[in-house]
Amino acid sequence: MRRDEIIYSIQNLRKRKLRSWLTVLSILIGIAAIFALLSFGVGIQNYVNTLADESGRDKLFIQARGIGAPGTDDNFFLTDEDVNFLSKLKGVDEIIGMYFSGGEIEFDNVRKYYFVSGIDPDKIDFVEETFAVSIIKGRHIKEGDLNKAVLGYNYQLDGKIFKKGIKLGDKISINGNPYEAIGFYDEVGNPQDDANLYITKEAFEQLYPNKKNKFGFIMLSSQNGVIPSELAERIKERLRKFKNQDEGKEDFFVQTFEDALATFTTIINVINGVLVLIALISLVVAFVNIMNTMYTAIIERTKEIGVMKAVGARNSDILFIFMFESGLLGLIGGLAGVIIGYVVASIGGRIAAANGFALLKPEFPIMLIFGCLLFSFLVGAAAGYFPARRASRLKPVDALRYE
Amino acid sequence: MRKSIIKLENVWKTYTMGNVEVNALQGLNLEVKEGEFLAIMGPSGSGKSTAVNMIGCLDVPTKGRILLDAHDISKLGESELAQIRGRKIGFIFQQFNLIPTLTALENVALPIVFQSVDRETRRKRSTELLEIVELGDRMEHKPTELSGGQQQRVAIARALANNPEVILADEPTGNLDSSTGETVMSFLQKLNRKEGKTIILVTHDKNVATHADRIEFLKDGKIIKSLNRKGG
């Protein structure tokens, strides 16, 4: 067992000079950054997975081409005829066309601009399931509600959208028309969705007469046993023919829920990956620092190495002692880095949540913690390899003579 | 007839310094018998240190054979030599060479660590040894907290850790005042008489050498005179 050599390494570390602790500092920074970034990455990935599980991977979106958010470009749209056509298609289960438009919201004499969505009240369950939202206060919109709106989470908060939070029964106006707040949705976790307003399809058509029969997008679910990506292909082909459009020149596109999530996840992963790469550069610096410290330590302890060899230490013993010591330097840096990374990520997560980005919630699975610790130990040990090898190859006679 | 424990046969050691070849040993022949107390004397530059390195398996000869317990060690690799050193030879150095970060007890235990002996046995053995050198009350002290004489006694205990057959003491009193040096020598003598350890002492001090049974004088890498003080 190497236990004694490990103990010996630890004892040596306790005697270390300031120089070594500065080395620890350099690895700490890199590990803290990596740990914090990955904790956000894990959090977002988990959020996406939960979203996929809750709203179901069987959903598909058909969106009109155009610039900006769906429904904001009047040149491209989907119609009731499209919805009717698609609803008869094999494999399609539930389907809804959704209106979407920017609107001027006024409350307490303050005006703000956010999205208004028009939904067929019969399909409200389907919409809520897809977006994984539910009412936390009040009630849903229902057939015949003309001047009633359900509001996103942020409207009820003080100082978020309006200075004073809106309460159930409060009067607001949308594009100058009076509406009553009848319900609030739970938090989605991003400031845009949490500021949406929902009214009935009928009300929307009255509010935006020129948008009647111009859906921003169509949402549908595939029947049990139907593969969403295959259904998406079929819809693309059939709808193109129905609309008399050439292949490649469709004014709509079809996306499965999973595609949409994958796009989102890929973007997040790329951003996160770039940041982690930058953090890795700081680890390269730490690597060189540790190597330097270890070379110096070995020169200082040449005689000690000679003594150990004289009393029976093999080359492999010396190699192990110094590599382990170097690994420990890394591990200590890693441990401090994980702690600091945890604090930084937690604070970062809170700041994000306070600004409406509740989906940016860091998570710290045990594997991430151990992974970072192991990684920092390995970086340290690897940095110590060449110095340790030099130490192990010292000839005992020369090492003992060294002053 | 006592058996031969170390035998150097026509040992040469040549160092290359720049373009010049220096022969530190020039056909050295030396035999050490089990239980002997041998002193090697000689002026500086006589090849004493090189001879010690050969005997202690710290270095291998350029030419010739070194037999330890009738095994030729002159062709062994570094790690094998290390294991042999650890088991068969105990070193005592002029500068004590204790490891500053370790306590007296840990220093004594160090040679046993590299022989993969379990912790309990090791601790027991190290404690006993420190008691033998009368440092039972200094076990948890670091070298810097001990006097020179105490440090050298810790080194003696360390040399005995693996119960080696040979103790190799290179100027063990060189850094000590004469009375402390005398105490250390009497320890070595006791080890030789009572425990039957083979002791090889390297010194330039005649008074120290008088503790030995036999004195070999070295000059220019060769034995030039032998003095048998006890006979046998």
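**Helices, chains and domains**

Author: In chain A, helix H2 (residues 18-55) packs with helix H10 (residues 366-393) at an angle of about 150 degrees, and their axes are 11 Å apart. This is a predicted model, where local features need pLDDT of at least 70, side-chain atom pairs count only at pLDDT 80 or more, and totals for chains, interfaces and linings use all residues. Residues are numbered from 1 along each chain as its sequence is written, while chains are lettered from A and ligands numbered from 1 in the order in which they are written.

Reader: What makes H2(A) roughly antiparallel to H10(A)?

Author: Angles run from 0 to 180 degrees between N-to-C directions, with axes being lines fitted to C-alpha atoms, for helices over the stretch in contact. Under 35 degrees counts as roughly parallel, over 145 as roughly antiparallel, 65 to 115 as roughly perpendicular and the rest as oblique. The angle here is about 150 degrees, so H2(A) is roughly antiparallel to H10(A).

Reader: Which residues of H2(A) and H10(A) meet?

Author: Ile27(A), Ile31(A), Ile34(A), Phe35(A), Leu38(A), Ser39(A) and Val42(A) of H2(A) meet Leu368(A), Cys372(A), Ser376(A), Val379(A) and Gly380(A) of H10(A). Being in contact requires C-beta atoms, placed from the backbone, within 7 Å. By class, this contact has nine nonpolar, three polar and no charged residues. Ala, Val, Leu, Ile, Met, Phe, Trp, Tyr, Cys and Pro count as nonpolar, Asp, Glu, Lys and Arg as charged, and the others, Gly among them, as polar.

Reader: Why are H5(B) and H6(B) called roughly parallel?

Author: In chain B, the axes of helix H5 (residues 148-159) and helix H6 (residues 178-195) come within 10 Å and cross at roughly 15 degrees. That angle falls under the 35-degree limit, and therefore H5(B) and H6(B) are roughly parallel to each other. Gly148(B), Gly149(B), Gln152(B), Arg153(B) and Ile156(B) of H5(B) make the contact with Thr180(B), Thr183(B), Val184(B) and Phe187(B) of H6(B). Three nonpolar, five polar and one charged residues take part.

Reader: How many residues of chain B and chain A are in contact?

Author: 20 residues of chain B are in contact with 18 residues of chain A. On the chain B side, H2(B) gives the largest share, six residues.

Reader: What are the domains of chain A?

Author: Domain 1 (3-51 + 262-401) and domain 2 (59-225), with bounds from an automatic or database domain assignment. Their centres, taken over C-alpha atoms, are separated by 50 Å. Five residues from domain 1 and seven residues from domain 2 form their contact.

Conventions. Helices (H or I, at least four residues) and strands (E, at least two) are DSSP runs, numbered from the N terminus. Two residues are in contact if their C-beta atoms, placed from the backbone, lie within 7 Å.
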